[in-house]
Amino acid sequence: MAADTLFHRITDYVHRADPYPLYAELREAGVVRQDDGSYLVGTYHEIEALLHDPRISSDRRKRTVPDEAATAEEGLPPAFIGLDDPEHHRLRSLAMRSFGPPHTPDRIAGMHDGITRIVKDLISDFAGKERIDVVDDFAYPLPVTVICRLLGVPLEDEPRFRQWSDAIVAGIDPTPGEDPEERPRAAAEARKTMGLYLGELADKRRAHPSDDMLSAFAADSPDGQLTPLEIMTTSVLLLIAGHETTVNLITNGILTLLRHPDQLARLRGEPALMPRAVEELLRYEPPVQMLPQRTPLADIEVAGVTIPKGAPLILMLASGNRDPRRFHDPDRFDPTRDDNQHLGFGSGIHSCFGAPLARLEAQIALNELIQHLDDPRLVEDPPPYRRSPVLRGPRHLLVDYRRAAARGGR
């Protein structure tokens, strides 16, 4: 792809801290074809329509030039996020049976107290500090701990998941000058090892079930059953996708609030507003910036442009979230915004599987952290960002503060 194409500029690391002017350029240009034959869509109503269009595939193997890297994920078959109906519906339905309504409606709500304890434990480790890295000290360890507890990973094995997650994150965020294949190889090995571990653990839960998701995945059901290989791919997907997006949601949230001290003060005094604030953060600074893996199954017309069957289709969610034709004053952060049907979790049949858990984690984490940090100050703005243009968020977020002993030592 030519170095001056819009997608190249959007994905260029130099624009990672602020890609929004480029998204505005994309919206003005409409549907934009790139030199490699891919098409970018950045307007809200068009993205939403495409996310609900059965002619749009999430399976990269359906492209005219197949994405060989997606034909198999390091020896594992594709997870349901990369499949189309009816197979997508079968696997997602079986996974949701163990995750939320109607079969287990209280699973996520029932995690509130446990997540709060994990958050408070992480904050207690700040004792004696006047500077923290929100990523390494808080936002990164929280989701992996929560998901390990959700799946039923024994406490003594949680550090292994952090090591595997480190390798997978490094594969997503390569360092310039390194062997471009080395980190992906390590990430592939970590995914494979994690999958084998979870498969073995599910086998144990089948014989001796407990109240966790791996036990539920392994259980017989009149609706059908996940195969051992499907349990592995679904569990790895839950851990990787749920972890990475939640890290960015929490970190982008703290960064945004520190840039808007009036709103931080308001939320500190009115914690009941935090659920609405999290929805606004999902619109304003979404953890997933784009969906690069869509493909038309037939020639389609979008905003007067014909996109041919099999062409790579890239849906720029973060651009749609700032579309002035959908949101009033879209570049303003407003935690009380009404009519906030953002694209932060996608939409349609592939809407984020873990959205209820991500929302709950972010609400608890942000509420507790802003109550703890007294007079917080960014050490560096903009902070250093991760390399990934898809999962966009700070790699580090250093904050100086005074412990908020006056607010009850929270």
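The model is a predicted one: local features need pLDDT of at least 70, side-chain atom pairs count only at pLDDT 80 or more, and totals for chains, interfaces and linings use all residues. Residues are numbered from 1 along each chain as its sequence is written, and side-chain values use heavy atoms, with hydrogens and water left out.

The secondary structure of the protein chain comprises 15 helices and ten strands. Helices (H or I, at least four residues) and strands (E, at least two) are DSSP runs numbered from the N terminus. The radius of gyration is 21 Å, close to the 22 Å that the globule rule gives for 410 residues, so the chain is as compact as a globular protein of that length. This radius is taken over C-alpha atoms, and the rule is 2.2 Å times the number of residues to the power 0.38. Along its principal axes, the C-alpha trace spans about 60 × 55 × 45 Å. Of the 410 residues, 54% are buried. Buried means under 20% relative accessible area, exposed means over 50%, and partly exposed lies in between (1.4 Å probe, protein chains only). Among contacts with a separation of 6 or more, 72% are between residues 24 or more positions apart. A contact means heavy atoms within 4.5 Å.

The sheet comes next. Five strands form an open sheet in the order β1-β2-β8-β5-β3, with mixed pairing. Its edge strands are β1 (32–33) and β3 (56–57), each of which pairs on one side only. Two strands pair if DSSP finds at least two bridges between them. Strands of a sheet pair through backbone hydrogen bonds, either parallel or antiparallel. Strand β5 (residues 291–296) runs antiparallel to β8 (residues 313–315), and two bridges join them. Leucine 291 stands opposite leucine 315 of β8. Arginine 294 faces leucine 313 in β8. β3 and β5 also pair in the antiparallel sense, over two bridges. Here isoleucine 56 has proline 296 of β5 as its bridge partner. Strand β5 is mostly covered, with five of its six residues buried.

In helix α3 (residues 44–51), the buried residues are Tyr44, Ile47, Leu50 and Leu51. Seen down the axis of α3, they fall within an arc of 135°, so they line one face of the helix. The arc is that of the directions from the helix axis to the C-beta atoms. The cover over these residues of α3 includes β2 (39–41), β3, β5, β6 (300–302), β8 and α14.

Helix α5 (residues 112–124) has 13 residues, which at 1.5 Å a residue should span 18 Å; its end C-alpha atoms are 18 Å apart, in agreement. The expected span is 1.5 Å times one less than the number of residues. The buried residues of α5 are Ile115, Thr116, Ile118, Val119, Leu122 and Ile123. They cover an arc of only 160° around the axis, which puts them on the same side of α5. The face turned away from this buried side carries the exposed residues Asp113 and Arg117.

Some backbone features remain. Most residues other than glycine have a negative phi, and most peptide bonds are trans. A cis peptide bond joins aspartate 85 and proline 86, with omega about 10°. Proline 86 lies in the loop between β3 and α4 (87–97). The bond from aspartate 381 to proline 382 is also cis, with omega near 5°. Proline 382 sits in the loop between β9 (373–378) and β10 (398–403).

Where are the residues with positive phi? Aspartate 329, not a glycine, has a positive phi of about 45°. It is found in the loop between α14 (317–320) and α15 (355–372). At 36% relative accessibility, aspartate 329 counts as partly exposed. Aspartate 339, likewise not a glycine, has a positive phi of about 50°. Aspartate 339 is placed in the loop between α14 and α15. With a relative accessible area of 53%, aspartate 339 is exposed.
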